[in-house]
Amino acid sequence: MGGFTIRHAEPRDLERILQIYEYARAFMTAHGNERQWARRGWPPESVVRNDIAQKLNYVVEHENVVVGVFVYLQGEDIDPTYRRIDDGAWIGSGEYGVIHRIASSGDVKGVGRFVMDWAYSQCPHLRVDTHADNTVMQNLLLSCGFKRCGIIYVQEDTDPRIAFEKV
């Protein structure tokens with residue numbers, strides 16, 4: 001899709017990543033989703049630094065400018081918050097990929113879809129969760145072929161998250 005590339009984030013990307021997350025918090029608030037990230041300043045710089053150090057953080061570039069960021073993990077039972085799912089069930093089992101903390105700068109369209117397609121090319125079994133107030137992300141996931149599977153809970157707060165899966 002239109003000139004996007006993905007690479008591991010590096011320490012030199014930190015300032016731009018933090019700007020993108022700040023934009024994303026404002027965007028979420030403006031679209032009725034203050035509770036997921038904005039209320040608690042999620043993700044904090046310490047988490048982003050750790051994600052970069054562990055090579056879990058990726059950036060999306062468009063014309064050599066960082067326009068998106070996300071965390072990607074892949075393996076079997078890699079996300080402990082996905083061990084319990086209420087009001088439903090996971091579709092698949094075994095190794096899966098997980099996308100967390102995805103955000104766009106808002107400068108170009110299509111970043112989210114590009115990330116979803118890239119992740120699916122890495123592992124054709126993906127799991128993602130989002131807040132019930134995050135209708136923008138829910139619509140993206142459904143348009144990318146994800147199915148709603150149930151409710152999970154994250155460690156960062158007590159709000160339930162809608163779990164999605166694509167196999």
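How far apart are Arg49 and Glu45 in helix α2, counted in helical turns? About one turn: the two are four residues apart in that helix. What you're looking at is a predicted model, where local features need pLDDT of at least 70, side-chain atom pairs count only at pLDDT 80 or more, and totals for chains, interfaces and linings use all residues. Residues are numbered from 1 along each chain as its sequence is written, and side-chain values use heavy atoms, with hydrogens and water left out.

**Overall build**

- The protein has four helices and seven strands; helices (H or I, at least four residues) and strands (E, at least two) are DSSP runs, numbered from the N terminus.
- Reading from the N terminus, the order of elements is β-α-α-β-β-β-α-β-α-β-β.
- The radius of gyration is 15 Å, which agrees with the value near 15 Å that a compact globule of 167 residues would have. That radius is taken over C-alpha atoms, and the globule rule is 2.2 Å times the number of residues to the power 0.38.
- Along the principal axes, the C-alpha atoms fill a box of roughly 40 × 35 × 30 Å.
- Take the contacts between residues at least 6 apart in sequence: 69% of them join residues at least 24 apart. Contact here means heavy atoms within 4.5 Å.

**Surface and charge**

- Of the 167 residues, 52% count as buried. Buried means under 20% relative accessible area, exposed means over 50%, and partly exposed is in between (1.4 Å probe, protein chains only).
- The protein exposes about 8300 Å², and carbon and sulfur atoms supply 49% of that. These areas come from the Shrake-Rupley method with a 1.4 Å probe; for residues, only the protein chains shown count as cover.
- There are 19 positive and 23 negative charges, and their mean positions are 2 Å apart. Lys and Arg count as positive and Asp and Glu as negative, while His and the chain ends are not counted. Each charge is placed at NZ of Lys, CZ of Arg, CG of Asp or CD of Glu.

**Salt bridges**

- A salt bridge here is a side-chain nitrogen of Lys or Arg within 4 Å of a carboxyl oxygen of Asp or Glu. By this rule the count comes to 13 salt bridges.
- One of them pairs Asp157 with Arg40, at 2.9 Å from N to O. Asp157 sits in the loop between β6 (147–153) and β7 (160–166) and Arg40 in the loop between α1 (14–30) and α2 (45–53), so this pair ties together parts that are 117 residues apart in sequence. Asp157 is buried at 16% relative accessibility, whereas Arg40 is partly exposed at 29%.
- Back to the opening pair: Arg49 and Glu45 form a salt bridge, with their closest N and O atoms 2.7 Å apart. Arg49 is partly exposed, with a relative accessible area of 47%, and Glu45 is partly exposed too, at 36%.
- Arg84 and Asp86 also meet through their side chains, at 2.7 Å from N to O. Arg84 counts as exposed, at 53% relative accessibility.
- Arg7, Asp13 and Glu61 are joined in a network of salt bridges.

- As background, most residues other than glycine have a negative phi, and most peptide bonds are trans.
- Trp42 and Pro43 are joined by a cis peptide bond, with omega about -10°. Pro43 lies in the loop between α1 and α2.
- Lys55 isn't a glycine, yet its phi is positive, near 60°. You'll find Lys55 in the loop between α2 and β2 (57–62), where it is exposed, with a relative accessible area of 52%.
- Arg101 has a positive phi as well, near 50°. Arg101 is in strand β4 and counts as buried, at 18% relative accessibility.

**Two distances to look up**

- Phe114 lies in helix α3 (residues 111–122) and is buried, with a relative accessible area of 14%.
- Pro80 is in the loop between β3 (65–75) and β4 (96–104) and is partly exposed, at 43%. From Pro80 to Ala119 it's 19 Å, C-alpha to C-alpha, and 39 residues in sequence.
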